[in-house]
Amino acid sequence: MLQNHNIASAFAYSTQPCLVLSREKSPLIVAANKALQTWLGYAQEELLNKVFFNASDKFMAALGVDELELSEIFEQAIATKSAVKRNIKYSVTASAETSSKQNGGFYEIFPIETKAGISYLAIQIILHTLDTSAAPQAHKSAASTKSVVSGSAPNQSLELLIDSLTNVIFTLDVEPTGLYRFSFVNRAFQVTTGLPVEKVIGKYVHEIIPEPSLSMVLEKYKEAIEKKQQVSWQEVSQYPTGQKIAEVLVVPVLNAKGECFQLAGLVHDITPFKEAEARQVRLTQDLYQQNRDLQQFTYIISHNLRAPLANALGLVRHLPNVAPETNLFQQYVAHLKTSIENLDKILEDLNLILSVRDRQDQLHKEHVFVGEVCWQAAQALEVELKHAAGQLEINIDPEFKVQANRAYVYSICYNLLSNAIKYRSKERLLKIKVTSDSTSEDGPAIHFTDNGSGIDLQKAGDDIFKLYTRFHSHVEGRGMGLFLVKTHIEALGGYIKVKSTPGQGTTFSVFFKELVS
Amino acid sequence: MNIAIIDDDPISIFLTEQSLLKEGVEVELQTYLSAEVALQELKQQSLQELPDVIFLDLNMPYMNGWQFLESFRLLPVAKQEKCSIYILTSSLDIADTEKANENMFVKGVIHKPITPADLGAILQLP
């Protein structure tokens, strides 16, 4: 834990006015350096251990800021763990005495971290016309951090400032042999990488950074030195603290002859931004999907739902003029019943489709033996199969096991088998073969092959999987089956393919994501 | 007058038939559940046999209303001029209506269910 007097001494001899506050609801003044006392004419005892907002009227007036604004800056500096910089404002309410002290400049408020977290806030005032002999020194140091590195003129306030930043800052000495040696790293380096500062300073880059990152950064260093300009890139690294995505920037520091003797580097952790970006992409995809669903929904409402409704409407309008107890009247009633039943079926379909989409994320999945489920679906279709005098052969490897929702696998098998029976050829006896292929390059597959009437895929294209699209006018059907099969297999992370020759038969291949052992 | 109805929905055909009967118009009616069968028939019919009015549904399996109109383009011009095609659809989709109105063979778009007013307007035309 930093002691108060340590902090006070860090700023004591700075030529710029400095104030250090404790991080509390009513901050206490922990340190106020000589430069500050001289600037505003405070006595040491007027400030130390006093509640900041009670003792600093002159101070706030000189900066042209009020208590509310300062409190906000404090919160911002703590929340962002970074320095907040503001220009000194000329305030109309300032007294003659304080306004004469307003030389123009800026002030910076930054947090100071100890082991216990952010414990202090420092306020440093940089005045443009104050002590010009010291100012350029400070500016030069800030640009190259050289004074910190060489230790020739230890500027403790600067070191503290650099150490309290959450961005990694480092400098590398460029040696005549072409090697790079760490000459300085700040505390954030340790926080980010988990490597202690003492074990890094003095070491060569190739001793610290592992491949494959090493080759990449060496290339970038070379580029910065050759081009004599800053080079930046993004890198993904594994640290003890987890995977980080960082934006790295290196600047060559040149000597009087224009040769690069040092590289100054800054690493900015952009992991949160990258994560936000990825979330944004996901959100956009979801939105796109939702929008497409909505369009399809609208299509169903305006086309498919409207059809039986229009029929019912027409029938009802005619009915009052149809003599009851006639044959025609009975026809009207029967048609009306069918229309309303159709209306209900479409609503049920809509409900089913929407519930598949909705539950995609929280789908209950278990180990499913596909062969077993396929037999169950075949049993449910036994009557239809017998009626068609068809032959069904199921040859699925008993070990063909997937992580899936059982009801979906059942629906896939049932719909494909039921389609094969429905669309059989009138010219020959129906034969259906179901086989498995666990070693296919395209993923573990189940093939449903029939010798039915086939589909002209050149005409139909992708439409065959679309909702309420039908390709046979002689068979009952609502165009729901293949749409459901596709929706279900996709919800399980797989996909479906179709091959067909009109007049010969069709093969539907269902590909699962992976088998489980 | 010859009238043809092309619609895959038998209830809809029943309704149109009954509506025509109620209007008391003397008509020769041909109904088709499949657009493809209707097209074959149109190709073979003589000019006299051809319908004066065709009520065409849009949403049909295998060959839909749009595809029918595409194929209709290939008939001899004399045949095309004999038949007045009216789209009779349950769709309320504005895009469908606009697309239909742009088609040179389409004389009008009627939304199901067909009304006496619709029929009155159409049957006076030819």
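Predicted model: local features only at pLDDT ≥ 70, side-chain atom pairs only at ≥ 80, totals over all residues.
Residues are numbered from 1 along each chain as its sequence is written, chains are lettered from A and ligands numbered from 1 in the order written, and side-chain values use heavy atoms, with hydrogens and water left out. The model comes in at ipTM 0.92 and pTM 0.51.

**Where A and B touch**
- The contact (heavy atoms within 4.5 Å) draws on 24 residues from chain A and 22 residues from chain B.
- Together the two chains bury about 2,000 Å², 57% of it on carbon and sulfur atoms; buried area is the accessible area (1.4 Å probe) that two parts lose on being put together, summed over both.
- On the chain B side, B:Ile11, B:Phe14 and B:Tyr62 lose the most area to chain A, together 29% of what that side buries.
- Zero salt bridges turn up across this interface; the rule wants a side-chain nitrogen of Lys or Arg within 4 Å of a carboxyl oxygen of Asp or Glu.
- Helix H1 (residues 10-23) of chain B gives the most to its side, with seven residues; helices are DSSP runs of H or I, at least four residues, and strands are runs of E, at least two, numbered from the N terminus.

**Inside chain A**
- Chain A has 21 helices and 17 strands.
- A:Asp269 and A:Lys244 pair up in a salt bridge at 3.6 Å, N to O.
- A:Asp269 sits in strand S10 (residues 260-269) and A:Lys244 in strand S9 (residues 242-254), so the pair ties together parts 25 residues apart in sequence.
- A:Glu277 and A:Lys274 form another salt bridge, with the closest N and O atoms 3.8 Å apart; both lie in helix H15 (residues 271-318), three residues apart, about one turn of the helix.

**Inside chain B**
- B:Lys112 bridges to B:Asp57, with the closest N and O atoms 3.7 Å apart.
- That pair links distant parts of the chain, 55 residues apart.
- B:Asp7 joins B:Asp57 and B:Lys112 in a network of salt bridges.
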